[in-house]
Amino acid sequence: MIVWLIGILVLGAAAAWLAERLHRDAPRWIALAALAAHFGVLVSIWTGASGGPWIANLQVPWIAELGISFHLALDGLTVLLLLLTEALGVVAVLASWREIESRVGLFHFNLLLTLAGVAGVFLALDLFLFFFSWEAMLVPMYFIIAVWGHERRIYASIKFFIFTQGSGLLMLLAILGLALAHRRATGTLTFDYFALLDTPLDPTTGFWLMLGFFIAFVVKLPAFPFHTWLPDAHTEAPTAGSVILAGVLLKTGAYGLLRFVVPLFPVAAHEIAPAAMWLGAIGVLYGAVLAFAQSDMKRLVAYSSVSHMGFVLLGVFAWNALALEGVVVQIVAHGLSTGALFIVVGFIQERLHTRDMRRMGGLASDVPRLAGLALTFAIASLGLPGLGNFVGEFLVLLGGFGVNRAATIVAACGLVTAVVYALTLVQRALHGGPREPRMIRDTSIRETAALGALVAALVWLGFYPQPLLDAAADGIGNLQNPASRIAAAAGPQSPPRASPARRGP
Amino acid sequence: MPPILWLIPGLPLFGFVALYLSAGRMPHRAAAAIGVGSIGLATLLAFAFAHWFLGASLPGDVYLETAWRWITIGGFDPAVAFRLDPLSLVMMLVVTFVGFLIHLYSAEFMAKDEGYGRFFAYMNLFVAAMLTLVLADNLLVLYAGWEGVGLASYLLIGFWYRDPANGAAARKAFILTRIGDTAFIIGLFLLFHELGTLDIATLMARAHETWATGSAVANAAAALLLAGALGKSAQLPLQTWLPDAMAGPTPVSALLHAATMVTAGVYLIARTHELFELAPAVEFTVAVIGAATLLLAACSALNQHDIKRILAYSTMSQIGYMFLALGVGAWTAAIFHFMTHAFFKALLFLAAGAVMMRLNDEHDIFRMGGLWRRMPVAFVSFLIGASSLAALPLVTAGFYSKDMILWGVWSSGPAGPGLWATGFVGAFITALYSFRAVFVMFFGDARRTPSGRYGWCIVAPLAVLSALALTGGFVNIPSALGNVNSFSDLLAPVLPARQEVTTASTTQAIVMAATSLLVLLGVYLAYLTYIQRAQVLRRIATSSPARALAGFWFGGWGFDTLYEHIFVRPFLALARLNRNDIVDACYGGLVVASRTLNRALSRTVTGRVRAYAAWVAVGSLAALAIALFLQ
């Protein structure tokens, strides 16, 4: 069953491409249907789980000679990330309804294929399969930016490709290095996550291998000073591309840090933790100051992502229950609020044909509904209690404070700079008087519903995050206790590689 | 009582949600019904709870109600819980009742505004957040309310968003208070890591068990909370936002920036006073900051032209009195002054608004004049409010609360008389600027003809607040005048009286008489200057040193300019300088380097075989040489 969590999206992608011949809107409906089916499968797996830290597990040999298997597994953390992916996938399809009018089938093919790659990244527990998925989500996203993007799309897409590909190469080397080190120690070549977890490594090797993973993930996250691909890629991508990039693709970086860097290299990760936390804290402030300086609304939102992801980096390397729960909430809340802000920018661009805030102003009088929604998301972005982002940032800082006080206090100053850029956006885009008289329409029912659902989700996260925290708790337990995890995943009677096709419930 | 305390902040919140969802499309009548009605119901409920609470003697004088568990992670489990004790009871009653009167007033005052629904949405949001703040049982929920009122303040200051100046004032308020808030939340991290909880009662008990008086960590925690309080309550050095906040509609100034929100800092310190007792240095700082702010702001109030700015500086100054009281441990006096101040300052703002709305939104007191015959309702209200602000002896509420503060400061120990002197001088200046406003606005030559008339929605709140501004002080009367202690007795379980130096009540009477005389002198001086127009005074006022000083005071002692130069401009310059991201330029350098290398190497591809042969020969020789050398 678990294999359908990737399969549905791949099949949906193919169907969407072919269906364009039938009707122009058919790919959109197929994409929605595929995401709905994905959601159905996920829920049925989740509710059917028998308990225990891993909800589902599937392992079949793939390239047996090299110890590569097709190993997928699902825990609480993965479920949350997949739910976020589905939700933002639907939002992305809805957001492109009017914006994408050329090659609709191909667009949705790429969109679903990106999501399939993302699902693979979240599910894969074989490092080779993980790397395969990592690369697989990159290529269709490159096409989304390069084909359907804005003015500087070629520059942005190539920059995105080089940054991700270059850092991915480091990860590939580190994966190979780790597998070889494992073979040297035990005599078997394997890429299985559980087998590699307790590879004995001498400190120097461990550090360099860890660095290979670390760089790949912090480039994706992105953390200062590897963030510069992000503003270009986000700004030039079509709205759906920005939503998926910010909401989901960045999260694969966070997920990689959580799932691989710290559990695989606990010693080396502990060594780099202070530096990583400082990078996070610097990123919070650096991103915020840059966001404030932008006049392109989309670039402002993009830099605000750099700032928010700084909190994630800080929280991951604080590595305690409070901070990690905070990271999960921050991941989900940032996905929703920043995704929503990109949609708002898309709506504004569609109406005014500009993203330049110097030419906006006064939207609050012209389009009160859109302005009210935009205001709400800006406020979520500045971390106001009652909306999800606050819970995430608060828990990260609370957890980080016990580990690295100085870095946490610096990051906390980001609460002030977030107000500065978020209110700048509100002032320049929504308030003031309009520069020129204009007749533009307010959000339609479909648009209001899409954004309204995101508001509702953020309010729910802000007021009652406990269900999310509980769901994440199992996954965080898996990250923190390697020993129990191996037993649980492999089952008591058989070691991982000996069981050819253990299906999840 | 059924467990419905949560409805008191809940009802305004529902009002906000309903008005938010209508997106301003609701008819005025419905918006007013929801906006005013939700606060009205909350007020009724608050009084019902007060009646029950005062009748039922609960163990520890506390009623607790948990709405739901907010976050549970291991040992960190703050609940959304509300706590009713005498302190939060007083706060809750003042917030709901004064809030209700101001909402009622706004129903008429804002009637012609196109953003009517939006206005009530924001006001309801504010009341909901403020009630969460005062009723919160733990510091995280308190912080949530604290941020909520900050947001409402931002939205309401910038309510007329078409003018960018209003937006600038709103952002200034939000950013300056957020600086304090960030210190506050770091304080929460520190408290949680040191003491393992954010529950206020447990926290205070554990602090007393764990920390020695004057220990570094206690001082740090208290200082961080103090920074939060300074931002919210517009005290030095985070005070500069308050005068600009007057850009909002007048009912907003009355409710947020006079009666309730700006006193949140006072409430926070009173609520955590046990922590401040463990940090005597910080506590003394509270007193010093209060004393400095009260003098500084009072001087600035002396020569403003804009009536709302006079009142804004006066609010800063009066909160300075409250901080002074908190700093010497006279917590009950601070809360008492909070209450009377809420009555008379809300009254002053509403009366000023009533004047302005009939003069075509005129703010300048020197363009008013002679209004007492033409608008007697506004005049009487403003006069009562100003008398109470000036603390005219015996007949006003402000007299009793200010006297309680000054007596508490006087008898607080070695530094007492010195601090008392600032409050004493402040009382004189307060009387002077209050009656300057009264005399200039309502007496002398009439310059403008008012239009329109008041409906009952405006008159009723003015009447009720006038009554309270006169009689609200009778709940606590000093021993020399009759010795009523209802208010201090009510608060005693939460805010016990500190061991005071027992001085004969004759000293108290002498101190009180001196202050009263000084206040009357201040009123007389204002009379001489603005009614009699005494030549001597004119000459002093127009002399060049006096004018330079006046200019300095007028601009709020140059703090704005100072901050502009040391914070705002460097930040803007930095942001502008790095607008295109220096890090990206480094990667750009990488691109340029590889392009240059590419161009250099391409140049060697000339197609000339002889050159290639030469390169091959040179390369082979070099390789050989290296091989030999390495051997």
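Me: Is Ala391(B) buried or exposed?

Reply: Start with the ground rules. This is a predicted model, where local features need pLDDT of at least 70, side-chain atom pairs count only at pLDDT 80 or more, and totals for chains, interfaces and linings use all residues. Residues are numbered from 1 along each chain as its sequence is written, while chains are lettered from A and ligands numbered from 1 in the order in which they are written. Now the general idea: buried takes 20 or more other C-beta atoms within 10 Å of a residue's own, exposed takes 12 or fewer, and partly exposed sits in between, with C-beta atoms placed from the backbone. Ala391(B) is buried, because 28 other C-beta atoms lie within 10 Å.

Me: What is the phi of Ala391(B), and where is the residue found?

Reply: Its phi is positive, about 65 degrees, although Ala391(B) is not a glycine. You'll find Ala391(B) in the loop between helix 16 and helix 17 (397-410) of chain B. Helices here are DSSP runs (H or I, at least four residues; strands are E, at least two), numbered from the N terminus.

Me: And Asn360(B): why does that one count as exposed?

Reply: Because Asn360(B) has 10 C-beta neighbours inside 10 Å. Its phi is positive as well, near 60 degrees, and Asn360(B) is in the loop between helix 15 (331-358) and helix 16 (376-390) of chain B.
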